[in-house]
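Please read them with the structure open.

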Amino acid sequence: ESTCATCPTSYFCTSGIKTVCAQGEYTNTTGNAACTECEARYYCSAGSVNICAEGEYQPLTGKSSCNTCLVGHYCSGGALVACSAGTYQHDEGQNGCLVCNAKHYCANGQQYPCEPGTYQPSTGQVTCLTCSQYNFCTGGVQTVCAQGDYQLLAGKASCDECEADYACSNGQRTLCADGTYTDTAGQSACSDCKVAHFCKNGGIEVCPPGFYTVVTGQSSCQP
């Protein structure tokens with residue numbers, strides 16, 4: 001006495017005929033008369049169903065392959081997920097995002113260098129910080145102005161050379177006190193006024209006729 005065999009997995013059987021499931025369909029149990037449409041996040045080929053590999057995704061049903069993960073995203077379990085704030089991914093086909101580097105900021109899954117006049121010392125940030133006064137910022141790094149230079153404004157990528165009559169230190173500019181002076185640019189300290197001279201408002205002048213000084217550091221001459 002003859003019998004019919006049970007329809008195997010990956011196939012459907014009708015009218016005594018065994019047929020492999022079409023691309024995008026599957027059976028994972030025996031004895032089926034029809035195949036099942038492949039679910040999203042899976043791919044179905046030759047009647048078998050498999051979840052998308054890491055770094056791939058599939059948002060649609062009835063598909064026989066998965067898509068390569070997009071830039072700015074990561075793919076795991078067949079799902080496409082945008083990188084979270086403070087992370088990025090510049091390559092396709094990845095299953096994770098990277099923490100944003102210092103000197104950079106990250107938005108929409110992309111990493112960008114800080115603009116001139118801004119900086120960022122920390123990782124995982126979504127913006128860069130405005131450069132503080134007395135400093136300059138390039139390459140995402142904040143640096144205090146060199147001696148003899150200054151910067152009184154925030155958000156700058158360079159410092160200015162100290163003018164005559166002033167002294168500049170630690171990014172700050174200070175008018176020389178009476179009795180002291182600078183007569184050249186780029187100075188970090190004021191000098192004592194010379195003998196036979198007087199110094200006010202950072203400048204130095206020779207005593208007028210009929211007046212004198214015999215010591216340094218004077219802001220006026222004696223008759």
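1. Start with Cys193. This is a predicted model, and in it Cys193 has 0% relative accessibility, so this residue counts as buried. The cut-off for buried is under 20% relative accessible area. Cys199 also falls under that cut-off: its relative accessible area is 0%, so Cys199 is buried.

2. What do Cys193 and Cys199 form? They form a disulfide, with the sulfur atoms 2.1 Å apart. The angle about the S-S bond is 85°, and the link of Cys193 and Cys199 is right-handed.

3. Cys4 takes part in no disulfide. The nearest cysteine sulfur belongs to Cys13 and lies 9.7 Å away. A disulfide requires sulfur atoms within 2.5 Å, so a pair must meet that limit to be counted. Is Cys4 buried or exposed? Its relative accessibility is 80%, and exposed means over 50%, so Cys4 counts as exposed.

4. Next, Cys162 and Cys168. Their sulfur atoms sit 2.1 Å apart and form a disulfide. The link of Cys162 and Cys168 is right-handed, with 75° about the S-S bond. Cys162 has a relative accessible area of 1%, so Cys162 is buried. Cys168 is at 0% relative accessibility and counts as buried.

5. Then Cys100 and Cys106. A disulfide joins these two residues, at 2.2 Å from S to S. Why is this disulfide right-handed? The torsion about the S-S bond of Cys100 and Cys106 is about 95°, so the disulfide has that hand. Cys100 counts as buried at 1% relative accessibility. Cys106 is buried as well, with a relative accessible area of 3%.

6. How many disulfides does a search of the whole structure find? The search gives 14.

7. Where is Thr182 placed? Thr182 lies in the loop between strand E23 (180-181) and strand E24 (191-192). Its relative accessibility is 4%, so Thr182 counts as buried. The side chain of Thr182 reaches the backbone oxygen of Tyr166 at 3.0 Å.

8. Look at the surroundings of Thr182. Leave aside its neighbours within four places in sequence. Thr182 is then in contact with Glu163, Ala164, Asp165 and Tyr166, among others. Its contacts also include two cysteines, Cys176 and Cys190. Gln187, Ala189 and Gly202 are on the list too.

9. On to the whole chain. Which secondary structure does the protein chain hold? The count comes to zero helices and 26 strands. The radius of gyration is 38 Å, whereas the globule rule gives 17 Å for 223 residues. The value is well over the rule, so the protein chain is more spread out than a compact globule. The C-alpha trace spans about 140 × 15 × 15 Å along its principal axes.

10. Last, burial and contacts overall. Of the 223 residues in the protein chain, 27% are buried. Take the contacts between residues at least 6 apart in sequence: 19% of them join residues at least 24 apart. The protein chain exposes about 12,500 Å². Carbon and sulfur atoms supply 49% of that area.

Key
Residues are numbered from 1 along each chain as its sequence is written. This is a predicted model: local features need pLDDT of at least 70, side-chain atom pairs count only at pLDDT 80 or more; totals for chains, interfaces and linings use all residues. Side-chain values use heavy atoms; hydrogens and water are left out. Buried means under 20% relative accessible area, exposed over 50%, partly exposed in between (1.4 Å probe, protein chains only). Helices (H or I, at least four residues) and strands (E, at least two) are DSSP runs, numbered from the N terminus. A polar contact is a pair of N or O atoms within 3.5 Å; within protein, one must be able to donate a hydrogen and the other to accept it, and residues adjacent in sequence count only if both atoms are side-chain atoms. Contact means heavy atoms within 4.5 Å. The radius of gyration is taken over C-alpha atoms; the globule rule is 2.2 Å times the number of residues to the power 0.38. Accessible areas come from the Shrake-Rupley method with a 1.4 Å probe; for residues, only the protein chains shown count as cover.
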